[in-house]
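Here is a friendly briefing to read alongside the model. Take a look at the sequence and the 3D view, then work through the notes by topic.

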Amino acid sequence: MANGRHSHFKRYSNVSNPQNPKRETFSSRRAFMFAAIGSAVGLGNIWRFPYVAYKNGGGAFILPYLVALLTAGIPLLFLDYAVGHRYRGSPPLAFRRLDRRFETIGWWNVLVNVLIGLYYAVILGWAASYTYYSLNAAWGANPADFFLKDYLQMASDVSVQMQFVAQVTVPLVLVWLATLLILAFGVQKGVARASTFFMPLLVVMFVLLVGIALFLPGGAKGLDVLFTPDWSNLASSEVWVAAYGQIFFSLSVCFGIMITYSSYMKRDSDLTGTGMVVAFANSSFELLAGIGVFAALGFIATVNGQQVGDVAAGGIGLAFIAFPTIINQAPAGALIGLLFFGSLVFAGLTSLISVLEVVIAAVQDKLKTGRVAATLVVGVPMMTASVLLFGTTTGLPVLDVLDKFVNTYGIVAAGFLYVLCVVLSRHLGVLSRHINKTSSLKVGKTWLLFVGAVTPLVLGTMLFIDTRSLLTEGYGGYPAWFVNIYGWGTAIGVVVFAFLLSLLPWKHEDKLQETPVETEGDEQ
């Protein structure tokens, strides 16, 4: 029998049984992998990775990217899988079972997903609208003016207004309704089936898009710019930080998604084998996106007699300004538009599903509610808040600031604290033994080193660099009051609210500490 020192390492018999109707499970490893890949492959793979790679040494960036994947991305993915699979709960429940002092970190994760869901949905609404607009290039000859002035109807100054924009609000509501409908069906019938349908379709569509882009005039020029290595960049610490940042954000690690998804895996699941497939599938899609995007940028640069660097962009500028410009001038432009914006919709939808699943799972665990009730409790207020914040003429600045601070203080800071707490409380040993019990690829001292030393150092460095920049330079040229409210105010408010949520009693709190079943090796 384990003594008191090991009691918090024990597996909970009532929730770890895959046959227990109280907690759903994915029906198969394949179902889980489609869902996990669907979460990881999102908007950032398509519009962030190509530009980050281009800015940080082109082909030379692949080296720090692979180092980051192997030393931080995959080890952290395994850590998330171990916590979720062993403690069988959403982040608040899993962290509480790991150590009741850590419950606040779990609610921090949940609230981060709430904020991401609020603005992620509006971007999906934009992409859905632009999929339709691609049929006749409705943005006209000046996509930038159309997007900012005609479509978003952006206010001339940064302020808080309640002037709703119909063409933004209607698709936003439809995105919410579609997503909540999928989630209401549950883990297997909703999440897994949607991911199993959308992910293969996404891959087919994007492969077609890349194939067309490669044969556009100037496509090879774009690939030369992307992949020609600038080895001098490897001496820059900023390049290495960018590589770790890209891996960290694109794999959906350390903010609750993979903890939640792995809690639905069957008891004998191969955690490391599955994790390797998910990680390399995500990176493969990023590389594919880089090829397609820069081949298209090479085309538009060639047609307009410009350098690729002059038209290269990332994020919203790439999707809603640069690509419509390409579509205007490319052969089969309507088809390219349908494939590109359709890919954004499908990639974003599977990611949004995973974001909201974290929140719904937490509500189910805390309140012991049914699936449909939890979906409504989460979905209706979030949809309302999303419309109020981002369906207006001031939605884009709010989105920009919120996204920056959520990434820095919701993901990086929370991830840093999560890893630090697990390391300092000496839970890594039992988690590594849990991974090894059913996994094909065993973890050992190297994994402990990467998780226990490398990732805290990297996350701490990223947090320090971002905080120093925000304190000394502000953000995006926005007024200080605006950044203070939507940036610093949100970041601080999330932490305070997470702590308050951790103080609320659990319904059926006695069930939190069921008679445990010892995991083999806990006393070693």
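At which residue does H16 bend, and which proline follows within four residues? The bend is at alanine 322, by about 30°, and proline 324 is the proline that follows within four residues. This is a predicted model, in which local features need pLDDT of at least 70 and side-chain atom pairs count only at pLDDT 80 or more, while totals for chains, interfaces and linings use all residues. Residues are numbered from 1 along each chain as its sequence is written, and side-chain values use heavy atoms, with hydrogens and water left out.

**Terms used below**

- Helices are DSSP runs (H or I, at least four residues), numbered from the N terminus.
- A bend at a residue is the angle between axes fitted to the seven residues ending there and the seven starting there.
- Buried means under 20% relative accessible area, exposed means over 50%, and partly exposed lies in between (1.4 Å probe, protein chains only).

**Helix H16**

- Helix H16 covers residues 315-329, and its end C-alpha atoms are 21 Å apart, which agrees with the 21 Å that its 15 residues should span at 1.5 Å a residue; the expected span is 1.5 Å times one less than the number of residues.

- Helix H22 (residues 480-503) has 24 residues and reaches 33 Å from its first C-alpha to its last, close to the expected 34 Å.
- A bend of about 40° occurs in H22 at glycine 489.
- Among the buried residues of H22 are Tyr486, Gly487, Thr490, Ala491, Val494 and Leu501.
- Helix H7 (103-133), helix H17 (333-367), helix H18 (371-390) and helix H19 (395-424) are among the elements covering the buried residues of H22.
- H7, H17, H18, H19 and H22 each supply at least two residues of the lining of the second largest pocket.
- That pocket has a volume of about 550 Å³, where a volume is the space filled by probe spheres set on grid points joined across faces, edges and corners.
- Its lining has 26 residues, of which Leu111, Val114, Val359, Phe497 and Leu501 lie nearest its centre.
- A pocket here is an open set of points on a 1 Å grid over the protein atoms alone, where a 1.4 Å probe fits, with protein on both sides within 12 Å along at least five of seven lines; lining residues have an atom within 4 Å of a point.

**Helix H2**

- Helix H2 (residues 29-40) has end C-alpha atoms 16 Å apart, in agreement with the 16 Å its twelve residues should span at 1.5 Å a residue.
- H2 is mostly covered, with nine of its twelve residues buried, including Phe32, Met33 and Ile37.

**Buried residues and their contacts**

- Isoleucine 247 is found in helix H12 (residues 237-250) and is buried, at a relative accessible area of 1%.
- Not counting residues up to four places away in sequence, isoleucine 247 touches Tyr65, Ala68, Leu69 and Gly73; contact means heavy atoms within 4.5 Å.
- Asparagine 56 lies in the loop between helix H4 (49-55) and helix H5 (62-87) and counts as buried at 11% relative accessibility.
- A polar atom of the asparagine 56 side chain lies 2.7 Å from the backbone oxygen of valine 52.

**Positive phi in loops**

- Most residues other than glycine have a negative phi.
- Arginine 88 has a positive phi of about 50° although it is not a glycine; arginine 88 sits in the loop between H5 and helix H6 (91-98) and is buried at 2% relative accessibility.
- Glutamine 153 has a positive phi near 50°; glutamine 153 is in the loop between helix H8 (143-151) and helix H9 (166-184) and is partly exposed at 36% relative accessibility.

Definitions and conventions. A polar contact is a pair of N or O atoms within 3.5 Å; within protein, one must be able to donate a hydrogen and the other to accept it, and residues adjacent in sequence count only if both atoms are side-chain atoms.
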